[in-house]
Amino acid sequence: MEGAFSRRGFLGTAGAAAAGVSAGSTGTVAAAGAHREPPEGRSVRPGDPRYRTLGQGFNQRWRSNPAYIRLVVDEADAVGELNRALDHGLRPTVRGGGHCYEGFVDNDGGVILDLGMMRGVAAATDKFGHPTYCVEGGATNWDVYTTLFRAYAVTLPAGSCYSVGAGGHICGGGFGLLSRRHGLTVDHLVQVDVVTVRGGTAVVTRAHRDDGEGSPEADLFWAHTGGGGGNFGVVLRYHFAVGVPKPPPRVWLSSVAWPWGELVKRPGDFETLVRNFGAFMAEHSGPQEPTYQGLFAILKLTHRSNGNVVLVSQWDGDDPAPLDAFLAAVERGMATRSVVQTHSAGGLFLPYPEKRRQLPWFQATMTLNPSGDNQRGKYKSAYHREPFSRAQIATFWDWLVRDVEGVDLTKTLVQIDSYGCRINTRGPEETAVPQRDSIMKLQYQTYWTDEAQDADHLAYLGGLYRDVYRETGGVPEIDTATDGAYVNYPDVDLGTADQPDPAYQRLYYKGNYPRLQRTKAYWDGAGVFHHAQSITLPGA
């Protein structure tokens, strides 16, 4: 999930239009002012006091030294700055103001198009004149939630981290606490407005889900329903159908923990806990699940030094009985009893003395925000279609009780998110997100502040991940008990675009990759937009 206890997001793409914009009626148009010089103050160059800050990502492992950073403010500016970069032979990368797990925005000597100032969220119309909700690519999740809820009493089933940029979050799929009931964010998308490069010139294309089947515009729209950021152009805005979800009036939140001090005395309880959680998700995550579509749960298998294994849950029903039954099912057979978790266990916690508490949805969403501090981080991911094997649970245990001398692992964990239900009502080719029959989504995370510990943290997380999936070559292989990895949790250990047959192409995209390549060839045949895990051109 682009949510709990993680620094979310991918490569943000963004753009601009004033609140309440109309998408216009044309499919591909060149914006005015394509080669104008920038007004003073919007191009941040070395020596500017903003340069170091705007050249560094949320993940402090990444720092860039571009020729300049452009603070884009509207559609014409986005087109003009992209043309200007092309005219000067400068490579563009795009940041929507959110997060990036890897250094995909880094661009020494090039131009970073920073579109985080473009944060409009408003009622609008698509290119066919139909009413929509428009989200500019520089908006954050919190911009989206506050505006849609306050102005229109609706929301998107997106992630819980406030500061994630919508530009990259959405085009990677968009997954959050309401997704089991309402599907992925891209399942509600109807149009995307993108600055692409055609014939060496930047133009704006408005790609709609109702564009003719097999048309280039239809492919471009589809590619933005899970193809990931930074691949095809600069996303100016997303349009969503007016039938996006209405949030529940109230939700129940629960946060319970099992102390590591007790679990190490009873290793069998750890196995029981993880097995029970996986079994419950296997039983209650089908497309037509009758009871638990409104449950979202996160089991955080923290390193022993953290102090507690934690289960955080949100239940959108008014009656808490199903939530209580779920909590009992997860704990069944354990001698170690859960305690109420009232302090931080690595980012996401509920500061309440009760096992569960009911809150208005909007306040609950604020409570669950886990964006956290700026620090150094590394991440890996996996989709699971079946409960965990005994060997996998044993591997979790072996690594999470292991100490590394001189290395602080208190912010290291395996986060297990519930998945499935309405997400799994779509076919694998219907959107660019192919993982449509999984029951859990895992995120492996470690955080630290001392650069001298980089190698130790990378080695630890890499070893844990490879060991969990050793029976499938050290990765969560597709179409087995697992089903690949999540493009919005990018991990360059899965290969890079300059390597032959890198694993990320298969693990992120499965059988959808050839269509993404064909779309790339049409809309960005010169490879203007690229990063370490780009969609590659056919034959590359």
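Trainee: Why does Ser438 count as buried?

Mentor: Its relative accessibility in this predicted model is 0%. The label needs a value under 20%, so Ser438 counts as buried.

Trainee: Where does Ser438 lie, and what does Ser438 contact?

Mentor: Ser438 sits in the loop between strand S17 (412-418) and strand S18 (440-448). Setting aside neighbours within four places in sequence, its contacts are Tyr383, His384, Arg385, Tyr419, Gly420, Asn424 and Asp483.

Trainee: Let's follow His384, then. Is His384 buried or exposed?

Mentor: Buried: the relative accessibility of His384 is 1%, and the cut-off is under 20%. This residue belongs to strand S16.

Trainee: What makes the pair His384 and Tyr469 a polar contact?

Mentor: The distance between their side chains is 2.8 Å. A polar contact calls for N or O atoms within 3.5 Å, one able to donate a hydrogen and the other to accept it, so the pair qualifies. Tyr469 is also in the contact list of His384, along with Gln392, Ser438, Ile439, Met440, Leu442, Ala481 and Thr482, when residues up to four places away in sequence are left out.

Trainee: Which residues does Gly377 contact beyond its sequence neighbours?

Mentor: Asn59, Arg61, Thr446, Tyr447 and Trp448, once neighbours within four places are set aside. There is also a C-alpha distance to look at: Gly377 and Thr449 are 72 residues apart along the chain, with 8.5 Å between their C-alpha atoms.

Trainee: Strand S16 also holds Lys378. How do you know that Asp491 and Lys378 form a salt bridge?

Mentor: The N to O distance between their side chains is 2.8 Å. The rule asks for a Lys or Arg side-chain nitrogen within 4 Å of a carboxyl oxygen of Asp or Glu, so this pair meets it. Asp491 lies in the loop between helix H12 (454-468) and helix H13 (503-509), so the bridge to strand S16 ties together parts 113 residues apart in sequence.

Trainee: Are Asp491 and Lys378 buried or exposed?

Mentor: Asp491 has a relative accessible area of 1%, so it counts as buried. Lys378, at 3%, is buried too.

Trainee: What about Asp211 and Lys127: how close do the N and O atoms come?

Mentor: The closest N and O atoms are 2.8 Å apart, and the pair is a salt bridge. Asp211 is in the loop between strand S9 (201-208) and helix H6 (216-223), and Lys127 is in the loop between strand S6 (121-125) and strand S7 (131-136), so parts 84 residues apart in sequence are tied together. Both residues are buried.

Trainee: And what is the distance in the pair of Asp324 and Arg356?

Mentor: Here the closest N and O atoms of the salt bridge are 2.7 Å apart. Asp324 is in helix H9 (residues 321-331) and Arg356 in strand S15 (residues 356-360), so this pair links distant parts of the chain, 32 residues apart.

Trainee: Why is Asp324 called partly exposed?

Mentor: Its relative accessibility is 29%.

Trainee: How many salt bridges does the whole structure have?

Mentor: The search finds 36.

Conventions. Residues numbered from 1 in each chain as written. Predicted model: local features only at pLDDT ≥ 70, side-chain atom pairs only at ≥ 80, totals over all residues. Heavy atoms only, no water. Contact = heavy atoms within 4.5 Å. Helix = DSSP H or I, 4+ residues; strand = E, 2+ residues; numbered from the N terminus. Buried < 20%, exposed > 50% of the residue type's maximum accessible area, 1.4 Å probe, protein only.
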